[in-house]
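Please look slowly through the sequence and the model below, and keep both in view while you read.

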Amino acid sequence: MFGQLLDPALLTKPPVDAWPTYQGDYSGRRFSTLAQINQSNVKHLTLAWIERIHVGIGQGAIVGGEGPVPEGPPTDPGVSTIKSTPLMVNGVLYFSTPDNAWAVDARSGREIWHYTWKTRGGIHIGNRGMGMYGNWLYFETPDNYLVSLDAQTGKERWHTEIADVKQEYFSTPAPIVVGNHILVGTGGDSLDVPGFLEAHDPETGKIQWKWWSEPLKKGDPGFESWPDEYSMRHGGGMTWLPGTYDPDLHLYYLGTGNPNPVLTGKSRKGDNLYTCSIVALNVDTGKLVWYFQPSPHDTHDWDAAQTPILIDADIDGHPRKLLAQANRNGYFFLLDRTNGKSVVTAPMIKTMNWSKGISPSGQPIPDPAKEATIDGVLVSPATGGATNWPPPSYDPQTGLFYVGTVQEFSMFYLTDTDPHPEGWGAAERGVGDFGGDLEAIDIKTGKIAWDHHYPFGGGPVGMLTTAGRLLFTGDGARHLVAFDPANGDILWHAGLADDLSNGPITYMLDGQQYLVVGAGDSLYSFTLEP
Amino acid sequence: MRARHLDVSHEVSHKVIRAAVALLVTACAPLAAPLAAPLAAQTPPAAPDPASVERGHATFTSACGFCHGSNAKGGEKGPDLLRSVLVLHDEGGESIGPVILHGRPDKGMPAFPFSAQQIKDIANWLHSSIAATKDRDSYKILNIVTGDPKAGEAYFNGAGHCTSCHSVTGDLKGIAAKYDAVTLQGKMLRPDFSWKEGNPPHQVIALSFTVTLPSGQSFTGEPMNLDDFNVALRDANGAYHSFARTKDGPRVEVNNRLQAHLDLLTRLSDADIHNLTAYLVTLK
């Protein structure tokens, strides 16, 4: 491609003068090799600019979409919250919220263009960001369209429907670009629909392959983990967060969501593959190569969708290709990413009470007594999980994995006593929590190397580590904080107008290292005082 | 919490909830309850006329229930209609109507000569059933009084140490006459949060902060903020006090008068909860 903005080779390297994909690079580590900003000068970080977004039609927005013209500006708070990780390519930041996408000058924070989508509906809770291929951008909408824009102008090239909003699908992921595949997932678990991942052609939007998260009929892979076709058709296994990719193994790694009905398993006895699973797919064919299921037969909404981070490290003196995930169910998992075999399984929170232990294969063993009953059972974590979608980070300099966690309890009451429940099937009532933690986990043992406790805040929040020996994250009390990743000492902080709401990014531009974070409706850019 | 899941999603987060509490509990401490407050609900579609829904239910049960199941989730012959793409895309019976009137002879479904109103009623009932299935905040908690009241009483007087603060002839006298079982259980498990069913949740201030300066001067009051860099409180006179937190102080003490209830969460078995509930409901 001539004169393209994004050189595809960038995607396979640690990000330096670009942040070209959701995770910065394919590994999902969110570790930058940049060290201009480092422990010795982080106290001199200063605000470069703030850009506040204005959503919806008006102020010169380019308008697309299949829905009616809205009667007023969007009021859903999810639309005005930047949960997306921006891309930065050639001095331009690209980011999105539900139904909205922007290009912003990375030097000044000024808007270059704004695209807005007239929606047909769907849940507008968040959007993780965009994917880029050459000069083209891709993002997904709550009413399940994949939209491609011209990065230069923000003008729409095409859009294509990937799922039916009337069946309660809604789409939040950032598309991931691997070769000439645009990898697109979806979400939604209100009405018992199956999940899938699709690859689309970057030029035409046409579908290349589709992988279903569960068997659709007897004889399909995984069918023996469901009692019948009725139950497998109720599906689940939503693909609502971006995955990671190993170019050498040619595998795309993805975590899948919960099975349906969500909080009761009586109509779906068995492990319910491939829900709540980490799967490795051949990126050219969409065929499953291996899987590991962190929550067999989940009945608590503990998606395994969290970022599967790819790590190369020595275990017992031997170099290994590994994959680490801090899971919503409260466990940390380290796998061999060539075959999906368990290396480490370790609990991340003390309150966890749903598991009877760990099987020889490294899977937690669910305690059936902690599945919702009519008179209620007390379970930790709550459905929101010990952690959730905000991106964690792995720092190869410390060997530690950084993740925000929370220790909550909920009561789970069975409300649908039909032999074939649908929807959620049970009600949850939150009854208390023991605060949040920033945890630094030693990947080789699963032990917590250090922990920063927040009695009233913290919890799942985005992380970034850098070669400057810095860990940037939020504290749930509106601060952007720089920690020493080796020991958890606080080195710098800045008060923002809202809580950190995305994963921080960093890049070099004009010889300066920048740090860019989203907090609520604004992007903040920091750099060193000249 | 009922509130958490109005935010119908996978990603409900601790901080989102804390922020919602801060918005909701405008008059008091923003940080007393990181959990559980109602977030803005998705705007529901206009609810159909309940009489029409009722008629539709009756018609469906007698004419359609044999094949599709009385709850429309599917039966021996007919498919699940709550997850039917045709039904989900229907508006007011316009797609369902032709199927009812003409049947599906190829699949063994006969035609039904229903009036336009009957078709609309059936459609309204199906759409309201779908809405009830997908709206998990509308799910009704069933009978939770299954435990042994004697065992609950023993726990109350013994292992639970409940009598160190409570008395069934004092503060808890007649409590079961005031609250239903679900509310009572909620008050026991989460007393810093009053959430009588159907009413907006109400924050109970359980926390206080005491900040002691290096000089020895101290301030006590209702919590306004506590993070790694700042502590703030409002004292009994209504005055707001804010302090920077550094290595050298000030010293901050957090007092939660309901800490014993929070700590119970790590000790209670499900049987203890059921038994205590069965006992509490006897305190009429």
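A disulfide is counted here when a pair of cysteine sulfur atoms lies within 2.5 Å. In general terms, a disulfide is a covalent bond between the sulfur atoms of two cysteines. The structure shown is a predicted model, in which local features need pLDDT of at least 70 and side-chain atom pairs count only at pLDDT 80 or more, while totals for chains, interfaces and linings use all residues. Residues are numbered from 1 along each chain as its sequence is written, chains are lettered from A and ligands numbered from 1 in the order in which they are written, and side-chain values use heavy atoms, with hydrogens and water left out.

With that cut-off in hand, how many disulfides does the structure hold over all chains? The count is 0. In chain B, the cysteine sulfur closest to that of C162(B) belongs to C165(B), and because the two are 9.0 Å apart, they are too far from each other for a bond. C165(B), likewise, is in no disulfide, its nearest cysteine sulfur being that of C162(B).

Staying with chain B, we can turn to its domains, whose bounds come from an automatic or database domain assignment. The chain is divided into domain 1 (50-134) and domain 2 (207-256), and the centres of these domains, taken over C-alpha atoms, are separated by 62 Å.

Strands are the next topic; here helices (H or I, at least four residues) and strands (E, at least two) are DSSP runs, numbered from the N terminus. Two strands pair if DSSP finds at least two bridges between them, and strands of a sheet pair through backbone hydrogen bonds, either parallel or antiparallel. In chain B, strand β5 (residues 230-234) and β6(B) pair in the antiparallel sense over 5 bridges, and R234(B) stands opposite Y240(B) in β6(B). These two strands form a hairpin with 5 residues between them, and in its turn G238(B) has a positive phi of about 90°.

Chain A has 1 helix and 37 strands. Its radius of gyration, which is taken over C-alpha atoms, is compared with a globule rule of 2.2 Å times the number of residues to the power 0.38. The radius of gyration of chain A is 22 Å, close to the 24 Å that the rule gives for 530 residues, so the chain is as compact as a globular protein of that length. Along its principal axes the C-alpha trace of chain A spans about 65 × 50 × 45 Å, and buried residues make up 69% of its 530 residues.

Within chain A, 4 strands form an open sheet in the order β12-β13-β14-β15, with antiparallel pairing. The edge strands, each of which pairs on one side only, are β12 (176-178) and β15 of chain A. Between β12(A) and strand β13 (residues 181-184) of chain A there are 3 bridges, and I176(A) stands opposite L183(A) in β13(A).

The last topic is the salt bridge, defined as a side-chain nitrogen of Lys or Arg within 4 Å of a carboxyl oxygen of Asp or Glu. A search of the whole structure finds 18 of them over all chains. In one of these, K210(A) meets E198(A), with the closest N and O atoms 3.3 Å apart. This pair links distant parts of the chain, since K210(A) is in strand β15 (residues 207-212) and E198(A) is in strand β14 (residues 196-200) of chain A, 12 residues apart. K210(A) is partly exposed, with a relative accessible area of 35%, whereas E198(A), at 4%, counts as buried.

R337(A) also forms a salt bridge, with D312(A), and here the closest N and O atoms are 2.8 Å apart. R337(A) counts as buried at 4% relative accessibility, while D312(A) is exposed, with a relative accessible area of 56%.

Note on methods
Buried < 20%, exposed > 50% of the residue type's maximum accessible area, 1.4 Å probe, protein only.
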